[in-house]
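Dear colleague,

I am handing over the structure below, together with some notes on what was found in it. Please read the notes with the structure open beside them.

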Amino acid sequence: MLVAVLLTLIGTGVGGAVAAVSSLVQALTLVFAVWTARYPPWLIRAAVPVGLAAVALTAAGYATGGDVLAATGEALTVVLVVATIGLILGRVGRQPRITLATIGGALSAYLLVPIAYAHAYALIGVVGGPFFASTATARSVDYLYFSLITVTTTGYGDFVARSDLGRMTAASEAVIGQLYLVTVVATVVANVGRARRHDLRPGPDDR
């Protein structure tokens, strides 16, 4: 799963047709998460058409310059990524023992956060005009780069959000990224090899 997430990360940064294909990879990653974690089958049936629609709309929007198509494709991609994050974290939370696979799942979810925000920034740029104050023609790699330096709170300062909505969205990513690292990732890494503690509350027969 981590490999699929890395491929999606690369595709998002490259942009164009590759970014559209990365939406399909993301849909397949969602399907894989559903299948391996034994989630209800209807989630798989929902992920496939949403992924295909995101690919088609994103590619058509950027190829023809259609803002509505591009915005719809970006929105569907955000939904896919956020759903995948939720399913991965659900799977991580149900594993009986903390293993390297658990760490891989936690890191996969973390890497999906900047991908989701990169598409959200692109969506804001399509709907509300130029996203960045420094340029009116942002590329996919610009959105992903800005998202990565935001989630890691690096803040080089070469790109800044122009609108209040963009600024607050970026601020939420920075907060989520830091909270995730000091809670989820730190807890998982600190408990590698340990089995989860069962509920130790006394049952009816113990009273």
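What percentage of the 207 residues in the chain do buried residues make up? Buried residues make up 41% of them, where buried means under 20% relative accessible area, exposed means over 50%, and partly exposed lies in between, with a 1.4 Å probe and protein chains only. Please keep in mind that this is a predicted model, in which local features need pLDDT of at least 70 and side-chain atom pairs count only at pLDDT 80 or more, while totals for chains, interfaces and linings use all residues. Residues are numbered from 1 along each chain as its sequence is written, and side-chain values use heavy atoms, with hydrogens and water left out.

The overall fold

The chain has seven helices and zero strands, helices being DSSP runs of H or I with at least four residues, and strands runs of E with at least two, numbered from the N terminus. Of the contacts (heavy atoms within 4.5 Å) with a separation of 6 or more, 70% are between residues 24 or more positions apart. The accessible surface, from the Shrake-Rupley method with a 1.4 Å probe and, for residues, only the protein chains shown counting as cover, comes to about 10800 Å², and carbon and sulfur atoms account for 69% of that area.

Leaving aside residues up to four places away in sequence, F146 touches Y121, F131, F132, F159, V160, A161 and A170.

T169, which is found in helix 7, counts as buried because its relative accessibility is 14%. With the same exclusion of residues up to four places away, T169 touches Y117, Y121 and I124, and a polar atom of its side chain lies 2.7 Å from the backbone oxygen of L165.

Salt bridges and the surface

If a salt bridge is taken as a side-chain nitrogen of Lys or Arg within 4 Å of a carboxyl oxygen of Asp or Glu, the count comes to two. In one of them D142 pairs with R139, the closest N and O atoms being 3.3 Å apart; D142 is buried, with a relative accessible area of 8%, whereas R139 counts as exposed at 52% relative accessibility. D164 also forms a salt bridge with R167, with the closest N and O atoms 3.0 Å apart, and these two residues are separated by about one helical turn because they are three residues apart in helix 7. D164 is exposed, at 56% relative accessible area, and R167 is partly exposed, at 44%.

On the surface, V175, L179, L181 and V182 form a nonpolar patch with about 350 Å² of accessible area together; such patches are made of residues with over 30% relative accessible area and no salt bridge, with like charges joined within 9 Å and nonpolar side chains (Val, Leu, Ile, Met, Phe, Trp, Tyr) within 5 Å. L181 lies in helix 7 and counts as partly exposed, at 31% relative accessibility.

Conventions. Polar contact = N/O pair within 3.5 Å; in protein donor to acceptor, adjacent residues only side chain to side chain.
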